[in-house]
Amino acid sequence: MKLWIDTDAGVDDSTAILLALNAPNVEIVGISCVGGNAHLDNVIKNVNRTLLAYGKKPGDDIPIYSGCHCALVHPPMVIPEIHGHDGLGDINNSDFQINESDFRCEKDKDAVHALIQCVSKCSDDKIVLLT
C-alpha cells in the first residue's frame, strides 16, 4: 500500500509514523506537515526527528512537504502543556544522536501540489491518505 501522511506531528502522530514505517506492506510516498498541536516549523522538525530516529534519511527516503501553518477554520490548537513546546515532549536531539543539519523539507513545492502530483503519477495504484 502506498501511503501519504498528513500530520501535525506531535507525540501521537510521530508514533503513527513509526508504526507505518515498520509495517511490511506500506510504502510512505510523502509526508505533508501542517500546524496543529505544534507550530509548523516544529512539526517539520518532529517529522525529521521521527524519520531519523527510525533510520530513514528525510528527503531522500521519504519527501517532506510544508503545508498550512494553521487550521483554515478553527483557531490554533498549540497546547505546550500537553505535547511540550516542540510538540514532541521537548526532546533533546542529542539524546537520539540527531543532528538538525540532517533535517530536510522540500522547498520547491508546497504540500498540496506535491500530493496532487504524487496521486497523478500513481495512476495504477491507489494512494491512501492518512490524516
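Guide: Gladly, and please keep in mind that this is a predicted model. A disulfide calls for two cysteine sulfur atoms within 2.5 Å, and by that rule the count here comes to 0 disulfides. Take C33, which is in no disulfide: the nearest cysteine sulfur, that of C105, is 5.9 Å away.

Visitor: Is C33 buried or exposed?

Guide: Residues under 20% relative accessible area count as buried. C33 has 0% relative accessibility, so C33 counts as buried. C68, by contrast, is partly exposed because its relative accessible area is 36%.

Visitor: Which way do strand 1 and strand 2 run, and how many bridges join them?

Guide: For pairing, look at the bridges and the strand direction. Strand 1 and strand 2 run parallel and are joined by 6 bridges. As an example, D6 has S32 of strand 2 as its bridge partner.

Visitor: What joins strand 2 to strand 3?

Guide: There are 3 bridges between strand 2 and strand 3 (residues 64-66), and this pair runs parallel. Here I31 stands opposite I64 of strand 3. The chain goes from strand 2 to strand 3 by way of helix 2 (residues 40-54), and this β-α-β crossover is right-handed.

Visitor: Now the pockets. What lines the largest pocket?

Guide: The largest pocket holds about 190 Å³ of space. Its lining has 13 residues, with G35, G36, C70, A71 and P76 nearest the centre. By class, the lining comprises 8 nonpolar and 5 polar residues, and no charged ones.

Visitor: And what is the volume of the second largest pocket?

Guide: That volume is about 160 Å³. Its lining includes K2, W4, V29, P63 and Y65, along with K109, A114, Q117, C118, K121 and C122. Strand 1 (2-7) and helix 4 (111-121) are the elements that each give two or more residues to this lining.

Visitor: Which element gives the largest share of that lining?

Guide: Helix 4 does, with 4 residues. Sorted by class, the second largest pocket is lined by 7 nonpolar, 1 polar and 3 charged residues.

Terms used. Residues are numbered from 1 along each chain as its sequence is written. This is a predicted model: local features need pLDDT of at least 70, side-chain atom pairs count only at pLDDT 80 or more; totals for chains, interfaces and linings use all residues. Side-chain values use heavy atoms; hydrogens and water are left out. On a 1 Å grid over the protein atoms alone, a cavity is a set of points where a 1.4 Å probe fits but cannot get out, and a pocket is an open set with protein on both sides within 12 Å along at least five of seven lines; lining residues have an atom within 4 Å of a point. Grid points are joined across faces, edges and corners, and a volume is the space filled by probe spheres set on the points. Ala, Val, Leu, Ile, Met, Phe, Trp, Tyr, Cys and Pro count as nonpolar, Asp, Glu, Lys and Arg as charged, and the others, Gly among them, as polar. Buried means under 20% relative accessible area, exposed over 50%, partly exposed in between (1.4 Å probe, protein chains only). Two strands pair if DSSP finds at least two bridges between them. A crossover is right-handed if, with the strands pointing away from the viewer, the path from the first strand over the helix to the second runs clockwise.
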